[in-house]
Amino acid sequence: MSKLLAMSGVSRRTLLQAGAGLAGGALLPSFGAPAFAVGASDQPPIGTWPEGSKGDTVNVGAAVPRTGTYAVQGEDELKGWQLAVEHINNGDPLLKKIAPKVTKGLLGKKVNLLSADSAAKPNQAVQEQQTFINQNKIVLMTGSTSSAVAVALNKFAQREHVLYVTGISGSNDTTGKDCVRYGFRQNFYGETAANAIGPVLLKAYGKNKKAAFMTPDYTYGHTVTKSVNEYLTKNGGWTQVTDQVSPLGTQDFSQYITNIANSGADVIINVNWGRDAVLSVQQCKQFGVTPKMQMVIPYQIPFLAKETGPELMENVYAATDFWWTLEDKYPLAKMFVEAFDKKYGYKPEWGANNAYMSFAIWARMVSNAGTFYPPDVIKEYEKGEKFDSTVGEVYFRKEDHQLVRPVIIVKGKAPKAMKNKEDYWEVLEVVPGAPLMQKPDAFGCKLGEYT
């Protein structure tokens, strides 16, 4: 499927136009949208509205890491967004299960996805989105594989009055103290990860254990470590004997691993993410601290087992957002896995699934609102209506714009137990989301104004 390059004055930006039969213009769906903004025509301009939806095409912008420590996960997310845009534009049956009012295109308009490399840097992500707003009048922003980027784009979205849906963000703060009216998150996060995996760890390892934490030094790492440690301390009498905090992009973890080896810990709780997670896992094995100490991944990264090798993930407990064998449990998961595998030639990891769902849900809200006018779309999210997804029935909380969704607990398979080359994890439990979540105001969320 071809990609059309949008120069836009920025050489590294690519325009990814998704739709049925992109290879030939004659095969593109007929959108036939009127040359004016759809709905809410009596409202004053706000953000990029109505300019961004006046023509027969609307643009959405993704500032996603394509270089740096989170690049592999960023590319996976991008594939999920591409597939979602293609499904919106051709009215795919899977997309319609989530957004029934979508036909071909969104409110009669084709959706174009523009992407730029954020390198997981907040300032760079904001600059790229500002360019998209100025040059392309985007009606939706996405991106973030780093929660530092997500928090920055949250604040930027509120200032610019342009909707923002996270890519991946595990920090409690994203829909906690840094929540905004214009931002939404559909993936799980530190507090829900802790409350889902905590009981599993207490059952597997017992009470009064000593834990060594490995924490990346930014909002995601600190909030996940805090939530997991508080759960294990309060409910199991565990003790945090050391917290080894490392900068994002660390290559050599030897000093941190040496400290862990000397800490007397029973369990290593590795909160690192992306390439940092891969290297820290590999180096823990090289230094001989695993498997003497059992490792736990409370917020698993996409492709971790693939990059480290399954032998390093054997018997490792992890919490995740989606695993492809859920196709045996959820019909929409099966449709998604099949569509993704057909297009890209591998089973989707949870980054791609999360990205797809964020766009599919946005299409649902826009089509239900009958307009791209941001306050009306926001209010559709805030209705809290339940709808089907690739992990069952879900809904948004109006108070903090967090999706109420399950957390998936998995355990690494022994290489000899793998049924195929991508069968890395055994799904142990799908933990319902609502009981895992703090009260909406517990982390200081104050959404802000609509206009």
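The model is predicted, so local features were taken only at pLDDT of at least 70 and side-chain atom pairs only at pLDDT 80 or more, while totals for chains, interfaces and linings use all residues. Residues are numbered from 1 along each chain as its sequence is written, and side-chain values use heavy atoms, with hydrogens and water left out.

The largest nonpolar core has 138 residues. A nonpolar core is a set of buried Ala, Val, Leu, Ile, Met, Phe, Trp, Tyr and Cys residues joined through side-chain atoms within 4.5 Å. Buried means under 20% relative accessible area, exposed over 50%, and partly exposed in between, with a 1.4 Å probe and protein chains only. The residues with the most contacts inside this core are Leu106, Trp238, Ile269, Tyr356, Phe359, Trp362 and Tyr381. H12 gives the most to the core, with twelve residues. Helices (H or I, at least four residues) and strands (E, at least two) are DSSP runs, numbered from the N terminus. Trp362 touches Val60, Leu106, Val111, Val139, Leu140, Leu163, Phe372 and Tyr381. Residues up to four places away in sequence are not counted there. Contact means heavy atoms within 4.5 Å.

The structure holds six cavities of 30 Å³ or more. A cavity is found on a 1 Å grid over the protein atoms alone, as a set of points where a 1.4 Å probe fits but cannot get out. Lining residues have an atom within 4 Å of a point. Grid points are joined across faces, edges and corners, and a volume is the space filled by probe spheres set on the points.

The largest cavity has a volume of about 90 Å³. Its lining comprises 13 residues, and Thr48, Val139, Leu163, Phe372 and Pro374 are the closest to its centre. Helix H12 (350–369) and helix H13 (374–382) each supply at least two lining residues. By class, this lining has eleven nonpolar, two polar and no charged residues. Here Ala, Val, Leu, Ile, Met, Phe, Trp, Tyr, Cys and Pro count as nonpolar, Asp, Glu, Lys and Arg as charged, and the others, Gly among them, as polar. Val139, Leu163 and Phe372 are also among the contacts of Trp362.

The second largest cavity has a volume of about 50 Å³. Its lining consists of Val165, Thr166, Phe184, Arg185, Gln186, Ser358, Ile361, Tyr381 and Phe396. Five of these residues are nonpolar, three are polar and one is charged.

One disulfide was found in a search of the whole structure. The criterion is a pair of cysteine sulfur atoms within 2.5 Å. A disulfide is a covalent bond between the sulfur atoms of two cysteines. The pair is Cys179 and Cys445, with sulfur atoms 2.1 Å apart. The link is right-handed, with 100° about the S-S bond. Cys179 lies in the loop between strand E5 (163–165) and strand E6 (183–184), and Cys445 in the segment after strand E16 (425–431), so the bond ties together parts that are 266 residues apart in sequence. Cys179 is buried, at 5% relative accessibility. Cys445 is also buried, at 11%. Cys284 counts as buried too, at 0%.

Most residues other than glycine have a negative phi, and most peptide bonds are trans. A cis peptide bond joins Trp49 and Pro50, with omega about 5°. Pro50 lies in the loop between strand E1 (14–16) and strand E2 (57–64). The bond from Thr290 to Pro291 is also cis, with omega near 10°. Pro291 sits in the loop between helix H8 (274–286) and strand E10 (294–297).

Glu314 lies 9.7 Å from Pro291, C-alpha to C-alpha, and 23 residues from Pro291 in sequence. Glu314 belongs to the loop between helix H10 (310–313) and strand E11 (317–320). With a relative accessible area of 34%, Glu314 is partly exposed. Beyond four places in sequence, Glu314 touches Gly412, Lys413, Ala414 and Pro415.

Asn315 is found in the loop between H10 and E11. Phi of Asn315 is positive, near 65°. Asn315 is partly exposed, at 36%. His401 also has a positive phi, near 60°. His401 lies in the loop between strand E13 (392–396) and strand E14 (403–404). At 1% relative accessibility, His401 is buried.

How values were computed:
1 Å grid on protein atoms, 1.4 Å probe; cavity = no way out; pocket = protein on both sides within 12 Å on 5 of 7 lines; lining within 4 Å.
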